[in-house]
Amino acid sequence: MDQAAAVTLHVRLERRFGGGFALAASLDAELRGGAVLVLFGPSGAGKTTILRQIAGLERPDAGVVRFGDDVWCDTARSVWQPPQSRGAAIVFQEPTLFPHLTVAENIRYGVPAASRSVPGTTGRDPAEIEGMLGVADLEHRYPRALSGGEAQRVELARALATRPRLLLLDEPLAALDAPTRVRLRRDVRSLLQTTGTPAILVTHDRTEALAMGDLIAVVIDGRVRQAGAVADVFTRPHDAGVAAALGVEAVLPGRVVAAGDGLVEIAVGDLVLHAAERESMAAGADVYACIRAEDVTIETRSPGQASTRNHLAARVIAIAPEGPVDRVTLDCGVALDALITRRSREEMQLSIGARVTAAVKATAIHVVLRG
Amino acid sequence: MDWSALWLSVRLASATSAALLVGGVPLAYWIVFSPRRWKYLVEAIVALPLVLPPTVLGFYVLIAIGPLSPIGRAYARVAGHGLPFTFEGLLIASVLYSLPFAVQPFSAEFAAVDRRLLEASWSLGVSRVETFRRIVVPLSVRGLVTGIVLSFAHTLGEFGVVLMVGGNLPGATRTVSISIYDAVQSLDYGLASRTSLLLLVVSFAILTSVYALQRSVWIKPRL
């Protein structure tokens, strides 16, 4: 519960690979206890390489990695800390449990013998972590007898049992089936918060980035193109490349007001949005409401009876041509983009400052529950 | 039966296997995990005894440990006698001669251990040496046993190197293969056939156990 203690992560990495790929990543982040920094980007962008260099499993040609006051790597000053002394436990996509050890032995593997005999000193002994991850019943099994989801839970328990200063997650949920993935997302997030462990998560899955991330760094072609709070980066991408990587979608942070009858009511600022309920969520839960510009329609007259559930009073604040269609940016309390055809815009005689109604179907709002 | 020759062979083979376990494991580890580019040179040197005639190897060892070499002179100063035609000299030659039979199974098994297991272990704060002891060794038991058994069997059957380095001193350097040669030279075919049969049976038993081990007849891999 060391929520207050924020640690600064400072990363400057340069590395050339055969085949022309070059990594030149620069990243600074304030990591509170329990906070998750997401390294997001398409496959092959260099996310995993950045993570492995932070872990100390690979060396940069030139660069610096600082975590708080500790210099983990500084090529200019020939400083190099091996992975053992960094306190940064890594969890891979495919489980890497030790096959000749039982689950219990795996989980206690990295716990020094001396501290194993004083359980509960900081409230994070292996048995408690097993309980939090629900793997206590598996203690006597060997890894080969575990399902993929169970193996990843044990893997997480093994990493957290060493009380790492930083947890490194390399797409740990990517190989799991969807329901297991959703359940583990929440468990991991709450576990990180309970233990106060900051984490860096590599993923190319935007739902996972939204569900688990507090901070996000968008990695494209070996560079960190933008970094910041998740909602900020998703709503205000610096450039077209970042926007394309994130997917053109408004990401609105909100809170569930009411749920039931297949519908969720979400308060986003002063607005209330209605969305289809795809997974059960309770009132009070923090969510992101994601809306694609293609799914926003613009109405100039007040509509009659229609199936569309969301009608938002809006003002046109920008119109930009985007290929054959126009992107109309609306202010309806929050910023929302609509993609409409040029002919529609001409017929409606839209201009900047015009008062309109933005309509969004409940089924077009994708709600992501934050863990 | 020439029991003293047989006993000498067993002692030599045991000592050789033990020495190769102590020295071969670090060497195999280095070959597998070192990032050095020139390690193929070391691999080639380790494999040399597979193709070199035993007489060539024996000749060089004889020169290297003889009174003309610094090693031989240093040993003679400390021990009071030279290395050639002694059990110790024979042991040095046997270790070199059986090097690939131990190091190659060791390194093949080390290389088969998933590299990410080691990385996970390191990131959990466990040192490289401890990781080797707690992860690599238990997962390489079959390779280690195979290497030890093969080098034992190989030493048991060596002839040319022994003859070059050890000569033929009863109780000190006359091994079982040389005693067979002596028996044939003196036309004692009965003795030669009894000893040969024993060596054949023992070698066959050892190889059978190695191949059974490879097929996991006894040790079930827990993967």
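## Basis of the description

The structure is a predicted model, in which local features need pLDDT of at least 70 and side-chain atom pairs count only at pLDDT 80 or more, while totals for chains, interfaces and linings use all residues. Residues are numbered from 1 along each chain as its sequence is written, chains are lettered from A and ligands numbered from 1 in the order in which they are written, and side-chain values use heavy atoms, with hydrogens and water left out.

## Architecture of chain B

Chain B contains 11 helices and 0 strands (DSSP runs numbered from the N terminus, with H or I of at least four residues for helices and E of at least two for strands). Along the sequence its pattern reads α-α-α-α-α-α-α-α-α-α-α. The C-alpha trace of chain B spans about 65 × 45 × 30 Å along its principal axes.

## Helices packed on α11 of chain B

Two packed helices are described by the angle between their axes and the distance between the axes. Here axes are lines fitted to C-alpha atoms, for helices over the stretch in contact, and angles run from 0 to 180 degrees between N-to-C directions. Helix α10(B), residues 176-185, and helix α11(B), residues 189-214, have axes that come within 8 Å and cross at roughly 155 degrees. The two are therefore roughly antiparallel (over 145 degrees; under 35 is roughly parallel, 65 to 115 roughly perpendicular and the rest oblique). Their crossing is left-handed, a term for a near helix turned anticlockwise from the far one by less than a right angle, clockwise being right-handed. Residues in contact (heavy atoms within 4.5 Å) include Ile180(B) and Val184(B) of α10(B), and Leu191(B) and Leu199(B) of α11(B). This contact comprises 8 nonpolar, 3 polar and no charged residues; Ala, Val, Leu, Ile, Met, Phe, Trp, Tyr, Cys and Pro count as nonpolar, Asp, Glu, Lys and Arg as charged, and the others, Gly among them, as polar.

Helix α8(B), residues 141-156, also packs with α11(B), at an angle of about 165 degrees and with the axes 10 Å apart. This angle makes α8(B) roughly antiparallel to α11(B), and the crossing is left-handed. Among the residues that meet are Val149(B) and Phe152(B) of α8(B), and Leu199(B) and Ile206(B) of α11(B). The contact has 12 nonpolar, 2 polar and 1 charged residues.

## The pair α2 and α5 of chain B

Helix α2(B), residues 39-51, and helix α5(B), residues 87-111, cross at roughly 115 degrees, their axes coming within 7 Å. This crossing is left-handed. Val46(B), Ala47(B), Pro49(B) and Leu50(B) represent α2(B) in the contact, while α5(B) contributes residues including Leu96(B), Pro100(B) and Phe101(B). By class, 10 are nonpolar, 1 is polar and none is charged.

## Interface and salt bridges

Between the chains, 19 residues of chain B are in contact with 22 residues of chain A. The buried area is about 2000 Å², of which carbon and sulfur atoms give 63% (accessible area, 1.4 Å probe, that two parts lose on being put together, summed over both). The interface has 1 salt bridge, defined as a side-chain nitrogen of Lys or Arg within 4 Å of a carboxyl oxygen of Asp or Glu. Arg52(A) pairs there with Glu119(B), the closest N and O atoms being 2.7 Å apart.

The whole structure holds 25 salt bridges over all chains. One of them joins Glu130(A) to Arg108(A), with the closest N and O atoms 2.7 Å apart. This pair links distant parts of the chain, 22 residues apart: Glu130(A) lies in helix α4 (residues 126-133) of chain A, and Arg108(A) in the loop between α2 (103-107) and α3 (113-116) of chain A.
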